[in-house]
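Here is a short tour of the salt bridges in this protein chain. Have the sequence and the structure open as you read along.

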Amino acid sequence: MTAEAQEIQGNRLLTPVRVGTRTLKNRVAITCHVYGLEVYDPGESGDSHAGYIARRAEGPGLIGITGIVPPTADEIRPGMLEGFAEKFRRLADIVHEHGGVAVIQILGTGAKWRSGLFGKRVPWKGEALWAFSPVQSDLGTEVAHAMSSGEIESLIEGWGVMSEVAVAAGLDGIELHGAQGYLLQQSISPWMNFRKDKWGEPLAFYKAVLDRTRAAIGPDGILGLRYATDDLRPPEQGGLGRDRLREIAVELVSGGQIDYVNPSEGSASYHYSHAIGTYRRPHGDFLPGASALRQAIGAKVPVIGVGRITNVDHAEAALARGDCDIVGLTRAHIADPDIVKKLFRGERNRIRPCVGANTGCIDRNALGLPVRCFHNPEAGRESEIEDLSQVDAARRILVVGAGPAGLKAAEIAARRGHHVVIMDKRTYPGGRLATITDRTSAYEMLGAVHWIGKELELLGVEMRLGTEVNAAFLESEKFDSVILATGSKPAEHRLDTDGSVPVLSTDEAMEALSDGQLTNVLVHDVLGSEEIAVVVEQFAAAGVRVTTTTPNPSVGQFLGWTHMGDHVPRLLALGCAIEERTMVTGIADGCVMTVDQLSAQKKTRPFDALIWGHSRLPDVSLEDAARRVCGDVHVIGDANAPRDAMLAFLQGETAGRAI
């Protein structure tokens, strides 16, 4: 099929596009991102990183390799560059095998993160962060060392040397990270660079890095730029604003060295909840900035569209509007590595969606943990697990519970050729995850349930909903294996109460919300988890007056990094009252009593209900009966240990592989 025919059929994504001296086979990109998988540290094989790339290399035209902080020229040690080259070569070969183009992102951190973060590569001896001026890191108390002119030149040289190594090893080019508060962006930012020498001129460092990088990769290498179209800072805090940033971009591109621009937004670590947003952020929210940039620079270089573009419909629409020339489907490919393959097969409806959970990807990366996915348990584990194999003899398998663990176990077992029956006393699949309503944007997470439900139907899995499994059923029906994904139940509270205010579990609270009987509730959040956050947001969005208390220092204490940046502002916007470091002490005469743990201030207030956001207990009521009648029983998900949906999906996948 010709490119024109594909475009007529609505697949603009599958048409080629020119980037520098290369022609991309399609307009799909996996942009450079942190996988948290070992690759650059000395003595480590890079197998996890290679496996992650290999699983996704067949589809996209452009693949970005995880970013690297280059050593300065003075830090380059014997053998260091050879080690890098070997790993670069391996990654380049993987991408090229499938006709893709591979670039690696090189970034300078400057006054960002913490010193010693990359100490395994260059042993840390207490050296400070390096920046243009003695400014404080945006993620800690450290004040950066203001680089001398010689140190700046050494850094630029190290940047150039690493670029030379990368392209000599076979990578197609370099992407410079000039957004999200990294060193290149710091160089043009009034709040980070107030030098009086030549490096205080806003574009001096930028142009020097561009010159050195282009010299390193030669005229044929691709040079891309990650660039902030909005720094999200008001002018009084040194913000440049969209118009000025766009003017700078036009000037940089006009130099003729840049082959593509990859827009982002933000200028600090605390902007990541915006830059890599959860389901609370709108889809394609960077596209207006990308479109304005594309119009400003004309047709000189292609622009990549990014920012919560989570499915191919969003991507096609962005291309059709002319917002961008290439679309970054990065988190979408973490969720489903086969997006392009499914497009070619006409299976658009079978693409596993990114649901904006961020639980497994960016929020784990922020903790220094390797990439995972909310509902694709294979992500980041590609080198550790084998391809699904067909069983020699199909077994009859019963899965009890249609929550995340049970659904995933049923899917994997069916893919391997087993005959699977899944049963649940609820009349709908998804378990407690399915109690999320469309009052909150977290409803997008139910896309995981909807996708797997469609797959189970195609796989011929028999699903019996609204049917409770008991010991008698297990004895009357003969199954070769039983998977118990029976979930959890609320732990009993130990409050001193006269019963005048009902104490509801989160499950009971959602049922009461649907009845519309509650107008004023207190949510006591001990877990600090996403579950409680979603419950609170649903109540507040429904117009219920909500007061949230927690014994922790902050509401949502254990939410992921990007969730924390959105959750509290969302509660405040909905009119919620927030009381931190506060305990509930009892209930009497229609009132709930609380105490501030620091000030010892006590409050007694009337509420319609107290929602008890505490831990849960595994429901293993069927385990003994199952083991009496079946020799192969697996207890998974919350029934194994109440945790979160991502880990339930993972345990389900493991169980499905084990049978």
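## Salt bridges in the predicted model

R396 counts as partly exposed, at 30% relative accessibility; the term covers values between buried (under 20% relative accessible area) and exposed (over 50%), with a 1.4 Å probe and protein chains only. This is a predicted model, in which local features need pLDDT of at least 70, side-chain atom pairs count only at pLDDT 80 or more, and totals for chains, interfaces and linings use all residues. Residues are numbered from 1 along each chain as its sequence is written, and side-chain values use heavy atoms, leaving out hydrogens and water.

What does R396 pair with? Its side chain meets that of E477 in a salt bridge, meaning a side-chain nitrogen of Lys or Arg within 4 Å of a carboxyl oxygen of Asp or Glu. This pair links distant parts of the chain, with R396 in strand β13 and E477 in the loop between α16 (471-476) and β16 (481-484). Helices (H or I, at least four residues) and strands (E, at least two) are DSSP runs, numbered from the N terminus. E477 is partly exposed too, with a relative accessible area of 25%.

| Salt bridge | N to O distance |
|---|---|
| R396 and E477 | 3.3 Å |
| D632 and R395 | 3.5 Å |
| E247 and R244 | 3.2 Å |

D632 is buried, at 19% relative accessible area, while R395 is partly exposed at 30%. E247 and R244 both lie in helix α7 (residues 241-254), 3 residues apart, or about one turn of the helix.

Across the whole structure, a search finds 40 salt bridges. R350, K408, E411, R415 and E455 are linked in a network of them.
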